Amino acid sequence: MRAPILEVRDLLKQYPGVTAVNGISFSVPEGMCFGLLGPNGAGKTTTIEIMEGILTPTAGEVRYRGEPLGERFREEAGILFQATALQNFLTVRQSLAMFHGLYAHGRDIDELLKLCSLEALAERDNRKLSGGQLQRLLLAIALVNDPAVLFLDEPTTGLDPQARRNFWALIDSIKAQRKTIILTTHYMEEAELLCDEIAIVDRGRIIAQGAPRALLREHFAAVLLELPRADFPDGARKLPLQRIDADDRVEITTDDLDATLRTLIGAEVPLKNLRIRPANLEDLFLELTGRELRA
Amino acid sequence: MMRRLLSVWHARNLEFIRDRGTLVFTLLLPLSIIVGMGFIFGGPPRPLFKVGVVGSAAAARADAFFHTRYVQFLAVPSTAAGLHEVRRQRIDLLLAPGTPPRYWVNTDSPKGYITEKLLLAADPHAQRLPVSGKAVPYLDWLFPGILAMNVMFSCLFGVGYVVLRYRQSGFLKRLHATPLSAFEFLSAQVLSRLGIILIVTTGLYLVIATMIHFHSAGSIALLLLITVLGALSMIALGLTVAARFASEELVNGLLNLLTWPMMLLSGVWFSLAGSPKWVQWVADALPLTQFLHAAREVMLYGAGIGAIAPSLIYLALVTLVFLGFGAWSFKWRI
């Protein structure tokens with residue numbers, strides 16, 4: 001077991017009338033990509049901002065390399081917020097140089113431009129970048145101090161699918177450099193692809209934690225059958241099936257596909273629109289909370 | 001179309017009403033200006049002429065001249081102090097009661113000329129002692145005021161709005177996630193704005209001085225020191241206003257609340273000599289007044305550092321107090 005680089009202990013964050021984070025604890029070993037997965041408003045961003053030292057918790061603490069967050073943490077942490085504006089009238093290279101100057105040690109700016117595919121944009125005004133280009137610049141800024149731990153708060157929200165995939169490839173290459181990454185997302189595909197371990201957060205609490213595949217194995221025996229809700233007659237609701245009713249579909253989990261299909265045919269459920277697929281993290285969230293992840 | 005217009009109208013009204021700080025200042029600013037101006041310039045008609053009286057002014061009150069309406073009589077501690085004021089046209093005439101009374105008048109002062117006529121009409125035997133010394137043309141007198149006012153606006157709005165924009169856009173929050181301290185951030189803002197101000201003010205000085213054929217009577221190096229301290233005090237004030245707030249309209253209101261009194265009471269446009277004592281106390285407390293006083297003394301009368309030391313010390317203190325308060329109350333995020 002690797003020593004934890006970050007430890008989160010009994011975090012509590014309360015605002016008037018709202019408990020945003022309600023007793024969250026976990027630890028992250030060095031070199032791991034740890035994901036906080038949950039719907040909007042679950043408490044992911046509040047948790048990560050407390051971990052970044054931006055927010056003060058009502059109770060609980062965060063320790064970096066066994067010590068409370070301090071000078072060393074600020075020097076060694078890289079952060080990509082959900083939304084950040086940069087100074088006007090500065091080019092990509094000048095923006096990087098400004099942040100480079102804030103740290104005692106840093107990566108070479110040309111090397112960063114290359115890593116984040118920004119070489120061709122180096123002299124462009126940062127206000128004239130596309131969403132994906134700006135996000136790559138913000139990632140380059142987060143890496144400017146060659147951080148030991150990198151925080152990515154919903155890094156691909158708002159990006160088009162192509163830009164999102166490019167960004168995943170970029171994060172994958174950073175992962176390969178053995179950086180510790182803390183990632184929040186509500187894209188289960190992103191979490192499954194990038195994270196070694198995830199914590200599913202709902203209403204300020206962790207409701208499940210582990211490696212994505214292990215969690216899926218633990219909660220889903222085999223496969224998942226998906227039918228449009230309109231195709232599932234009321235009479236079939238009494239069938240002995242492990243079933244979840246989502247907004248527009250019915251999901252049936254089974255470890256005996258043949259028997260389940262026979263049951264459905266026997267109940268005259270139309271199977272024309274039936275889809276059989278392995279369970280994913282979105283299904284897991286639905287299973288655990290009865291609600292959809294993106295609700 | 002009307003429905004859409006009403007929808008946006010309603011939402012904007014709610015936004016305005018719920019931004020309580022802005023609402024208060026929208027009401028408070030014009031009210032405070034009216035009340036303040038009423039106190040300063042209201043009341044009975046103001047005297048048209050100012051006469052300094054040396055010595056026991058009270059004993060001379062029986063003289064006919066002292067009953068002249070619209071002439072304000074001000075006691076001056078000594079003849080030398082009174083002459084200083086006459087030369088600068090802060091008073092129109094200096095009178096030493098006696099038999100016969102003696103008076104000093106600035107031969108270059110139009111108001112001095114009229115005041116002299118009034119005195120001689122009341123007492124034809126009064127003994128005239130003309131004052132030598134160049135009178136200050138209004139444009140020369142105004143020049144330091146314009147420069148100082150430009151420094152004030154540039155510092156207060158330039159710094160205040162920039163910090164506010166950084167906070168609103170989340171740029172400050174991003175900086176907070178780095179090893180940068182609030183003190184370092186604020187110091188960088190101060191130094192950046194100070195450099196800009198010095199370059200701009202030097203340029204303006206050279207252009208305007210050439211245009212109006214102005215030559216500073218005092219040291220340019222001392223003038224530079226005054227500008228540095230004056231600008232620092234204004235930047236510190238701007239940073240204090242912008243240290244916490246995230247509402248553009250509120251910060252705008254607060255900046256206006258600071259700039260209006262300074263613009264009117266610091267003597268940019270007209271001298272406040274002769275206004276009520278409490279107005280002069282308020283005016284003296286404003287950093288622009290001290291900045292302008294020091295600048296005028298050096299530019300117009302060639303004062304040395306000793307003569308303006310109190311103003312310089314005051315500006316330095318104001319800077320330290322407001323910078324300290326700004327750093328202490330500084331908020332990185334909304």
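A:Glu61 is found in strand β4 of chain A, in a model that is predicted. With 13 C-beta neighbours inside 10 Å, A:Glu61 counts as partly exposed, since a residue is classed as buried at 20 or more such neighbours and as exposed at 12 or fewer.

**Surroundings of A:Glu61**
- Apart from neighbours within four places in sequence, A:Glu61 is in contact with A:Arg9 and A:Pro68.
- A:Met51 lies ten residues from A:Glu61 in sequence, and the C-alpha atoms of the two are 8.6 Å apart in space.

**The sheet containing β4 of chain A**
- The order β2-β1-β4-β5 describes an open sheet of four strands in chain A, and its pairing is antiparallel.
- The edges are formed by β2 (18-29) and β5 (67-68) of chain A; each has a single partner strand, so one side of each is left without a neighbour in the sheet.
- Nine bridges join strand β1 (residues 4-15) of chain A to β2(A) in the antiparallel sense.
- Within this part of the sheet, A:Glu7 stands opposite A:Ser27 in β2(A).
- Helix α1 (residues 44-51) of chain A lies across β1, β2 and β4 (59-64) of chain A, and its direction makes an angle of about 125 degrees with β1(A).

**A second open sheet in chain A**
- Four strands of chain A, in the order β12-β13-β11-β14, make up another open sheet with antiparallel pairing.
- Its edge strands are β12 (242-245) and β14 (275-278) of chain A; because each has a single partner strand, one side of each is left without a neighbour in the sheet.
- On average, neighbouring strands of this sheet are turned by 25 degrees against each other, direction ignored.
- β12(A) pairs with strand β13 (residues 249-254) of chain A in the antiparallel sense over four bridges.
- A:Ile244 has A:Glu251 in β13(A) as its bridge partner.

**Chain A as a whole**
- Chain A contains ten helices and 14 strands.
- Its C-alpha trace spans about 70 × 45 × 40 Å along the principal axes.
- Chain A has 295 residues, of which 37% count as buried.
- Among contacts in chain A with a separation of 6 or more, 72% are between residues 24 or more positions apart.

**Contact between chains A and B**
- Chain A supplies 15 residues to the contact and chain B supplies ten residues.
- Helix α2 (residues 71-76) of chain A gives three residues, the largest share of the side of chain A that touches chain B.
- That side of chain A consists of nine nonpolar, two polar and four charged residues.

**A helix pair in chain B**
- Helix α8 (residues 220-242) and helix α12 (residues 305-329) of chain B have axes that come within 8 Å and cross at roughly 25 degrees.
- α8(B) and α12(B) are therefore roughly parallel to each other, as angles under 35 degrees count as such.
- The crossing of α8(B) and α12(B) is left-handed.
- Residues of α8(B) in this contact include B:Leu222, B:Ile226, B:Leu229 and B:Gly230, while those of α12(B) include B:Ile305, B:Leu312, B:Phe322 and B:Phe325.
- By class, the residues of the contact between α8(B) and α12(B) are 15 nonpolar, five polar and no charged.

Terms used: Residues numbered from 1 in each chain as written. Chains lettered and ligands numbered in written order. Predicted model: local features only at pLDDT ≥ 70, side-chain atom pairs only at ≥ 80, totals over all residues. Axes fitted to C-alpha atoms, helices over the stretch in contact; angles between N-to-C directions. Helix = DSSP H or I, 4+ residues; strand = E, 2+ residues; numbered from the N terminus. Parallel < 35°, antiparallel > 145°, perpendicular 65-115°, else oblique. Left-handed = near helix turned anticlockwise from the far one by under 90°. Contact = placed C-beta atoms within 7 Å. Nonpolar A, V, L, I, M, F, W, Y, C, P; charged D, E, K, R; others polar. Pairing = 2+ DSSP bridges.
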